[in-house]
Amino acid sequence: MTQEAQPETQSVLTPEVQAMVGVEGELIESWGTVDVEYLRRFTQAVMDPDPRYWDEDFAKSTHYGAIIVPPIMVSYMTQRIRPEAEDAITEAFKVNPVSDGIGSVKRPGELPDIPTHLVRTLNAGNEIEVYQYPNIGDTIFFQNKYHDIRERVGRDGKAFLIITREIKYTNQDGALLCITRQSSIRR
Amino acid sequence: MTTKLEDLLKMDPADIQARNERPSAEELRNKTQTHYEDVNEGDELPKYIYSPTPTHLFRWSAAIENFHRIHYDLDFGLNHDKNPSILVHGSWKQSVVPQYLKDFTLPKGWPWKAQFEHRAMLVPGDTLIVWAIVTNKYEKGGMGFIEMDLGMKTQDGVESMPGSATVVLPLKDGPDIPYPFVPPTD
Amino acid sequence: MARFLAVHNVSGLTEEQFREKLSAVSQWRPDRRTTILKVYGDLGRGKLFIECEAVEQEHFEDWIKMTGWPAESIYNVDLVMQVGNIWKL
């Protein structure tokens, strides 16, 4: 089990690291808009046959008044490679013939690195909060933020960080659609 | 009445798959409202059963433009990453959760929030059981809040995505849940 | 993780027995990364070649015991060429 750092453990939650809490990235407009084709491919791939996604007459008669879109679907729009960018896949394999396919593609709106010597990263958990369904035609905006950074001590007595990054997704009207958070352990 | 999770886990994959409760389009169209008063602590939600194949994984990779080779390139996955096969996406698992909560709260409830961790890796050939058990309920601001533990277990009982969620259901004689959703303030 | 290749003599093994036995041990999973990757059979000459990824050889030997197909020899695999790609394991 982990515990809070004790005085004799060398802390990794330095003032410089602590200062990153609340740091935000740029507000970025995702490429493209929410469209019926992406909605069809996504809902088929997640295997959700809900007619609220494709039966316009039925969707209009519901509580939501229109075709709805799974909020988490727009979160994947942030990883789209923009048309004006170079071909990231070809570039990834040029740099590393044994690339994992995603390479080191730089995404817009990324946060600055945490100033720590700890390099090993493990996924510690995810969260999603949903407030409104996106609609067809919406333009999606997203903004990264360091939501929280904590220190814990592992069984080996060494301190490590739990870093939580948050992304807020809004539409062209500034309406909050959803928030996702990802926590990672850095040790 | 859903099959209890502990009973499902004693069955072989074919019998688990036969107890899939994923709703059809018509069932979702005609779904009647579950109200706050209908739910009790300890209740189990319906079980969604999945049997992913390599083609399902490819379809997901294409849909969200995820080009990570571990999900479609068996040679790379086995020999570079030393994985037991191509892997089911964490992103797919975490996209199933909001759907599961949405279905439970339809037509007028709200699938507010969920949190989970990605644990065991999943591969084609696994039979996956999405489950949830109600742990707490309370009223606030004229709405009914239901808290639950949830996850995605394999046929061997391995938990691949331990988590929890809070959804909002209308009270039987209460007002509609506001849309867009606004949580009540303290 | 390590890769192993075992060679077995299985004189008289039929295809039906091959399928039945592999089905019977298909749930074997000491951990999520350990797996039997491939089983090659030349049943006419009573030979099987079995490739396994495991934390240690002992886990593979446990699986071999379950099949009842004793291994004539077990090799470590350090290099693989698969569909034109070469991997150092």
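**Figure 1. Where chains B and C meet.** The contact between these two chains takes 14 residues from chain C and 10 residues from chain B. On the side of chain C that touches chain B, the elements giving two or more residues are strand S2 (35-42), strand S5 (79-82) and strand S6 (85-88) of chain C. Sorted by class, this side of chain C has six nonpolar, four polar and four charged residues. Please keep in mind, here and in the views that follow, that this is a predicted model. Chain A takes no part in a contact with chain C, and the closest C-alpha atoms of chains A and C lie 10 Å apart.

**Figure 2. Where chains A and B meet.** Two pairs of chains touch, and the most contacts are between chains A and B. Here 33 residues come from chain B and 34 residues from chain A. Looking at the side of chain B that touches chain A, we find that helix H3 (25-29), H4, H6 and S2 of chain B each give two or more residues. The residues on this side of chain B divide into 18 nonpolar, eight polar and seven charged.

Figure 3. S2(A) and S2(B) run antiparallel and are joined by four bridges.

Figure 4. Strand S3 (residues 128-140) and strand S4 (residues 143-154) of chain B pair in the antiparallel sense over 12 bridges. One pair to pick out is B:Leu128 with its bridge partner B:Thr154 in S4(B).

**Figure 5. The nonpolar cores.** The largest nonpolar core has 65 residues, and those that touch the most other members are A:Val74, A:Cys178, B:Val130 and B:Val167. Helix H6 (residues 90-105) of chain B gives the largest share of this core, with six residues. A second, separate core of 11 residues includes C:Val10, C:Ile50, C:Cys52 and C:Ala54. As background, nonpolar side chains tend to be buried together in soluble globular proteins.

**Figure 6. Around A:Val74.** Leaving aside residues up to four places away in sequence, A:Val74 touches A:Val34, A:Val69, A:Pro134, A:Ile140, A:Tyr169 and A:Leu177.

**Figure 7. Two cis peptide bonds in chain B.** The peptide bond from B:Leu106 to B:Pro107 is cis, and its omega is near 5 degrees. You can find B:Pro107 in the loop between H6 and strand S2 (110-116) of chain B. Another cis peptide bond joins B:Tyr179 and B:Pro180, with omega about 0 degrees. B:Pro180 lies in the segment after strand S5 (163-170) of chain B.

Figure 8. B:Glu65 is not a glycine, yet its phi is positive, at about 60 degrees. B:Glu65 has its place in the loop between helix H4 (54-64) and helix H5 (74-79) of chain B. B:Glu65 counts as exposed because it has 12 other C-beta atoms within 10 Å. B:Lys82, also a residue other than glycine, has a positive phi near 55 degrees. B:Lys82 is in the loop between H5 and H6 of chain B. With 14 other C-beta atoms within 10 Å, B:Lys82 is partly exposed.

Note on methods. Residues are numbered from 1 along each chain as its sequence is written. Chains are lettered from A and ligands numbered from 1 in the order in which they are written. This is a predicted model: local features need pLDDT of at least 70, side-chain atom pairs count only at pLDDT 80 or more; totals for chains, interfaces and linings use all residues. A nonpolar core is a set of buried Ala, Val, Leu, Ile, Met, Phe, Trp, Tyr and Cys residues joined through C-beta atoms within 7 Å. A residue is buried if 20 or more other C-beta atoms lie within 10 Å of its own, exposed if 12 or fewer, and partly exposed in between; C-beta atoms are placed from the backbone. Two residues are in contact if their C-beta atoms, placed from the backbone, lie within 7 Å. Two strands pair if DSSP finds at least two bridges between them. Ala, Val, Leu, Ile, Met, Phe, Trp, Tyr, Cys and Pro count as nonpolar, Asp, Glu, Lys and Arg as charged, and the others, Gly among them, as polar.
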